Amino acid sequence: MQKVKIIGGGLAGSEAALQLAKNNIYVDLYEMRPLTETGAHKTDKLAEFVCSNSLGSYDLTNASGLLKHEMEELGSILLPIIFESKVPAGGALAIDRELFSQKITNLIENNHYINLIRDEVKTLDTNIPSIIASGPLTSESLSLEIKNFLENDYLYFFDAIAPIIEKDSIDFNSAFYLNRYNKGGADYINCPMNKEEYENFYNILINSERIELKSFEKNAKFFESCLPIEVLASRGIDTLRFGPLKPVGLIDSRTQQDNYAVVQLRQDNMSASLYNLVGFQTNLKWNAQKELIKSIPALKNANIVRYGVMHRNTFINSPKSLNPTLQSRKSKNIFFAGQITGTEGYTESIASGLLAGINMSRYINHLPLLELPTTTMLGALTHYISFEGHSSFQPMNSNWGIVDDLIIDKNFKKNKKLKNELLANRSLDSLRTYLNKF
Ligand SMILES: Cc1cc2nc3c(=O)[nH]c(=O)nc-3n(C[C@H](O)[C@H](O)[C@H](O)COP(=O)(O)OP(=O)(O)OC[C@H]3O[C@@H](n4cnc5c(N)ncnc54)[C@H](O)[C@@H]3O)c2cc1C
């Protein structure tokens, strides 16, 4: 009986394990928590969402939305459970993180094919078919072992987490419920600031102390679409007002006044007692975070239940190490999945776990592996990370720029929504055609 070893019971590892189990393949799933902590995870549950509770859009004309539709076509097991754990968040797909991880943990613990082992894996055995899904916070000894196995250097960037507050501590004399442009209900809590309040907020922010990075981390690189607010603020006083604190489409119906800046809060759990600060990831010292958050009028009494923190985010040099099937070039027995491959984001991590799970099942059954077409979002992503021609490789999330362009009339191309619709339909068609061949 051929058994597969999966290292890491996070988003990618859990999806991969369930895919293998679906194909009647036995799995040893290793998860080091709670014996060894990562520094970012807060529970001992599997498939924990470490920061924001949002997976972005489900809309087919959105790149991340298309990826989710492709995952449905490919039979993702985590995605339907994400929908079961959904909390209201306007156009975004957001979940109760605790509930979701509990459901995945139960599913895996009760699965006859999966043997969950709570232990840190420190060595690699290339004789055992394995999926390495140990994530951006892979333990040190395993990191070293992977580095030796791949014979090339690790890459890394920094990622920060946004704070969470208790809803009961929000002052609703200043705050109001509304989705931007009134789209799809009133799920977000908005905390407005006038010019004077914003300038005060900005001054506190740029003068606040940050948590000191370790010496080897001094030249920290950040992921451009997830920058800490203090890094954004250092680019100019208005950068935040055109970014996460933009006020457009958010007018309080009670005052009908334009706001100068707005901090949005998104529901974080099913009972709606906790809210996270959207786009507010930060590495300020905790006292400084408290002072900054309390300078926002609606949050002057805020009770912060989780502070923002920053973490080193490790990924392998996939262009030198992986095929678009997620199989390593060094050993056919070894596959990689999740953020460690450079597929950036929750949805992308689950998607690569899904592909690695499917391909490992096919490998065990001596079937040809899936190499998805670059007209699909997942195919484009896996080709992007394994493409050898990058001058400098950085993680990539789903976006229209990586999929094959459409050969259509120029005027057609100007209509972004229509173009994305055509791209999305082409993607799903090509995925179905490709899968039908197997
Ligand atoms: C601080 C931080 C904040 C982030 N915020 C967001 C966000 O807001 N939105 C977003 O889309 N993405 C975010 N990401 C990126 C990414 O989507 C998540 O990290 C995601 O959880 C990655 O999924 P994964 O399965 O690859 O890794 P993980 O979900 O981290 O799972 C890896 C698992 O492997 C375990 N493990 C590690 N080493 C070993 C070992 N040696 N033996 C056994 N088990 C091991 C870990 O304990 C962990 O449970 C963030 C990343 C970080 C680091």
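I started at H366. H366 is exposed, with 6 other C-beta atoms within 10 Å. My cut-offs: 20 or more other C-beta atoms within 10 Å of a residue's own make it buried, 12 or fewer make it exposed, and anything in between is partly exposed, with C-beta atoms placed from the backbone. The model is predicted, so I took local features only at pLDDT of at least 70 and side-chain atom pairs only at pLDDT 80 or more, while totals for chains, interfaces and linings use all residues. I number residues from 1 along each chain as its sequence is written.

I looked up the backbone of H366 next. Its phi is positive, about 55 degrees, although H366 is not a glycine. H366 is in the loop between α10 and α11. Element names follow DSSP runs numbered from the N terminus: helices are H or I with at least four residues, strands are E with at least two.

A47 also has a positive phi, about 50 degrees, and is not a glycine. I find A47 in the loop between β2 and β3. Is A47 buried or exposed? A47 counts as buried because it has 30 C-beta neighbours inside 10 Å.

I noted a cis peptide bond between R33 and P34, with omega about 5 degrees. P34 sits in the loop between β2 (26–30) and β3 (54–57).

**Helix α11**

I moved on to α11, residues 377–386. Nine of its ten residues are buried. Among them are M377, L378, Y384 and I385. The buried residues of α11 pack against α2 (63–73), α9 (318–321), α10 and α13 (416–436).

I picked A380 in this helix. A380 is buried, with 25 other C-beta atoms within 10 Å. I then listed its contacts, meaning C-beta atoms, placed from the backbone, within 7 Å. Leaving out residues up to four places away in sequence, A380 touches T374, I402 and V403. I also checked A380 against E37: 343 residues apart in sequence, 33 Å apart in space, C-alpha to C-alpha.

The chain divides into domain 1 (3–156 + 315–436) and domain 2 (164–308). These bounds come from an automatic or database domain assignment. I get 30 Å between the two domain centres, taken over C-alpha atoms. The contact takes 16 residues from domain 1 and 15 residues from domain 2. On the domain 1 side I count seven nonpolar, six polar and three charged residues. My classes: Ala, Val, Leu, Ile, Met, Phe, Trp, Tyr, Cys and Pro are nonpolar, Asp, Glu, Lys and Arg are charged, and the others, Gly among them, are polar.

What does A337 touch? Leaving aside neighbours within four places in sequence, A337 is in contact with A12, A16, I131, A133, L326, S352, G353 and A356.

**The six-stranded sheet**

An open sheet of six strands runs in the order β10-β11-β12-β13-β9-β14, with antiparallel pairing. I call strands paired when DSSP finds at least two bridges between them. β10 (176–177) and β14 (304–306) are the edge strands, each pairing on one side only.

Five bridges join β11 (residues 189–193) to β12 (residues 261–267), antiparallel. C191 has V263 in β12 as its bridge partner. Two bridges join β10 to β11, also antiparallel. Here Y177 stands opposite I189 in β11.

I checked burial along β11: five of its five residues are buried. I189, C191 and M193 cover one side, N190 and P192 the other.

A residue is in the shell if its C-beta atom, placed from the backbone, lies within 6 Å. 37 residues surround the ligand, and the closest are G8, G10, C51, G135 and G338. α1 (11–22), β15 (310–315) and α10 (346–364) each give two or more residues to this shell. α1 gives the most, with three residues. By class I have 16 nonpolar, 17 polar and four charged residues in the shell.

How values were computed. Two residues are in contact if their C-beta atoms, placed from the backbone, lie within 7 Å.
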